[in-house]
Amino acid sequence: MTTIDDRPRPAPFGRALCAMITPFTGAGALDVDGAQRLADRLVSRGCDGLVLSGTTGESPTTTDAEKAALVTAVREAVGDRVSLVAGVGTADTRHTVELARAAEKAGADGLLVVAPYYSRPPQDALEAHFLEVADACGLPLALYDIPGRTGTRIEPDTLVRLAGHPRIAAVKDCSYDLLGTQKVLSRTDLAYYAGCDEQVLALYSIGAAGYVSTVANVVPDLFRAVLDAFDAGDTGRAALLQRRAIPLVELMMAAGLPGTVTTKALLGALDLPAGPVRAPLRPADRETTDRLVATYEELTADAGQLQA
């Protein structure tokens, strides 16, 4: 008889997903060509899924039309080589449904739906919000649990109930609640994706499907190597690779600037598609950019098996 420990990991969107930035031109417009070139690079270097128009993709400051155009353009660039997950979550259920339908029409394979932010709905209202979105289109959903930004936790018991919907397939987990995560993993078939780069190996080791990484914009093969080593039974190497990434993870994600800002600064310094950030975000200063480049170069020089 199959037990929960014998089940294969559900991975509806692949294992190695990048939360892709949205490139802009120098004038601040959507850079369609840059988005296509960046997407192709990410796919060729190990990503098997791309998350578009998430927080890293500056979804709060891109228009509905830009979001749809981005999905269409990236689909054209990568074809069916990878899954495309479109961020559609807003603080407004009606608007979220509209974005979900537009993303489906534009060619997305799935939807990333963050908990409504600022209004802090109670759990029953939160559950109703997700169910309405899931009922409104035919794509699978990944629910995004990031209470530090939204102000509202998707409680484990709520996730267990929502797992009963046939199109609620996954969770992007930034809850920093290892016990709650294991509770949901043990009681559902939801695919969990680590949404915090420092937790990739920790969550994968307890049954997560993979990750959605911001740092993967610049080192797309690094965390995939962590998963590959773990799957091969070389847990020591997996741990080494995870630890090796921490200086860059800390500088990009936990040094006082949003990951969008640090990622675009580093990509720009590496002459890769990025462009400016949109207000109210502001670009990283020269000192920060120099530290990012130095840390990136140290990491890629040290990791001989990874592409620089």
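Which residues does leucine 111 touch, not counting residues up to four places away in sequence? Leucine 111 touches Val85, Ala86, Val88, Ala100, Ala103, Cys137, Leu139, Pro140, Leu141 and Ala142, where contact means heavy atoms within 4.5 Å. This is a predicted model, in which local features need pLDDT of at least 70 and side-chain atom pairs count only at pLDDT 80 or more, while totals for chains, interfaces and linings use all residues. Residues are numbered from 1 along each chain as its sequence is written, and side-chain values use heavy atoms, with hydrogens and water left out.

**Nonpolar cores**

- The largest nonpolar core has 85 residues, of which Met20, Leu50, Val74, Leu111, Val218 and Leu248 touch the most other members; such a core is a set of buried Ala, Val, Leu, Ile, Met, Phe, Trp, Tyr and Cys residues joined through side-chain atoms within 4.5 Å, and buried means under 20% relative accessible area, with a 1.4 Å probe and protein chains only.

**Helix 1 with helix 2**

- Helices are DSSP runs (H or I, at least four residues) numbered from the N terminus, and the axes of helix 1 (residues 32-44) and helix 2 (residues 64-78) come within 9 Å and cross at roughly 45°; axes are lines fitted to C-alpha atoms over the stretch in contact, and angles run from 0 to 180 degrees between N-to-C directions.
- That angle makes helix 1 oblique to helix 2, since angles under 35 degrees count as roughly parallel, over 145 as roughly antiparallel, 65 to 115 as roughly perpendicular and the rest as oblique.
- In this contact, Val32, Ala35, Gln36, Ala39, Asp40 and Val43 of helix 1 meet Leu70, Ala73, Val74, Glu76, Ala77 and Val78 of helix 2.
- By class, the contact of helix 1 with helix 2 has 9 nonpolar, 1 polar and 2 charged residues, with Ala, Val, Leu, Ile, Met, Phe, Trp, Tyr, Cys and Pro counted as nonpolar, Asp, Glu, Lys and Arg as charged, and the others, Gly among them, as polar.

**Helix 2 with helix 3**

- Helix 2 packs against helix 3 (residues 93-106) at an angle of about 30°, with their axes 9 Å apart, which makes helix 2 roughly parallel to helix 3.
- From helix 2, Asp64, Lys67, Ala68, Val71 and Thr72 meet His95, Leu99, Ala103 and Ala106 of helix 3, and by class this contact has 5 nonpolar, 2 polar and 2 charged residues.

**Phenylalanine 230**

- Phenylalanine 230 lies in helix 9 (residues 222-231), and its C-alpha atom is separated by 8.6 Å from that of tyrosine 204, 26 residues apart along the chain.

Definitions and conventions:
Buried < 20%, exposed > 50% of the residue type's maximum accessible area, 1.4 Å probe, protein only. Helix = DSSP H or I, 4+ residues; strand = E, 2+ residues; numbered from the N terminus.
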